[in-house]
Amino acid sequence: MPDCEIIELPAKKSGGGELSFTRRTTTCTSPDKSRQRLARLRRVPRLQEVKDATLIDFRSHVPQNWAHFLNNHLPIFFILAHHTGLNPSDALLILPANTPPHILGAARVFGLDTLCTDAPVQGHAIDFTSDPWTGIRSIRADWVKLPYAQDCLDRADIRDGHQGNLPDKAFISRRGTRDLENETRVETFLTQRGYTKIYPEDLSVTDQFKLFEQAKSIVAIHGAALAPLLYRSDKSRLEKLIELFPCGHMTDVYRVMAHQVGCKWIGVRGKIKPEHIQPAYDLKEPFLKYSLQSFEIDLQSLELALDMI
């Protein structure tokens, strides 16, 4: 009998790690060997020398991804600058050559200069190691509250209370991958309850931050669009987040983040498909094949989540 199920999740402990760093004159090289080869084929200069800035090499762990850059790389920068006494205006973030414009826009919100290249870069740098990389999840919500980051967000008028075209209740949808097979029905259902559908890529960089300050309730398909949640301030109007998941991609990263920043959270899992069953029982392999698959949300489950939260 197909029916809704309610899973009460246990308390989650987010494991920590160690972030170590040193200041020295060095040559920073891209850790991606394929990009190094590509740089040689494109006849990118073998070595770029920088004399008037402190280098932070962020060319690892996919900084081209909106969530990775906002939730991992930027918080690391804030704490490095805080502990080393680095003036952010003297820093130069090294990013891959194919870094998209919206990532550079996020860096500009925080007044940071960037250099996009796959070539080696020589100069005075702050080398850092995070072990494990995911260890910062336990503390990064504190790092984005450091004075410099907060001052930049205030200067960008992200917390000015001006509503503009941003809705009180937002339904954040996706295009292309991990999209809803019954999106029309979900949109109609949510519209009747006061929600407005938006695509984050249609918003400016600052409006993507503002949305998590000014909306009171957000229903969102899991994805990078939720990254600005980490920067939710104590003055934010956001109270509730309902996250929609395909069965092929279940994660609690934003559940933990919501708790850290003081926002209520409930997840709604999409309908199980026949092809999910067999690989789900292969416990030797990670269940990743259907991570970006389209999925269907049961409206009864969504209504239940709205009522519960």
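Trainee: Which residues are linked with Arg175 in a network of salt bridges?

Mentor: Arg175, Glu201 and Asp202 are linked in such a network, where a salt bridge is a side-chain nitrogen of Lys or Arg within 4 Å of a carboxyl oxygen of Asp or Glu. This is a predicted model, in which local features need pLDDT of at least 70 and side-chain atom pairs count only at pLDDT 80 or more, while totals for chains, interfaces and linings use all residues. Residues are numbered from 1 along each chain as its sequence is written, and side-chain values use heavy atoms, with hydrogens and water left out.

Trainee: What makes the contact between Lys197 and Glu183 a salt bridge?

Mentor: Their side chains meet at 2.8 Å, N to O, and because the cut-off is 4 Å, the pair qualifies. Lys197 lies in strand S8 (residues 196-198) and Glu183 in helix H6 (residues 183-191), so the bridge ties together parts that are 14 residues apart in sequence; helices (H or I, at least four residues) and strands (E, at least two) are DSSP runs, numbered from the N terminus.

Trainee: Why is Glu183 called buried?

Mentor: Its relative accessibility is 12%, and buried means under 20% relative accessible area, exposed over 50% and partly exposed in between (1.4 Å probe, protein chains only). Glu183 therefore counts as buried, whereas Lys197, with a relative accessible area of 27%, is partly exposed.

Trainee: How do you know that Asp168 and Arg237 form a salt bridge?

Mentor: The closest N and O atoms of Asp168 and Arg237 are 2.9 Å apart, which lies within the 4 Å limit. Asp168, with a relative accessible area of 36%, is partly exposed, and Arg237, at 30%, is partly exposed as well.
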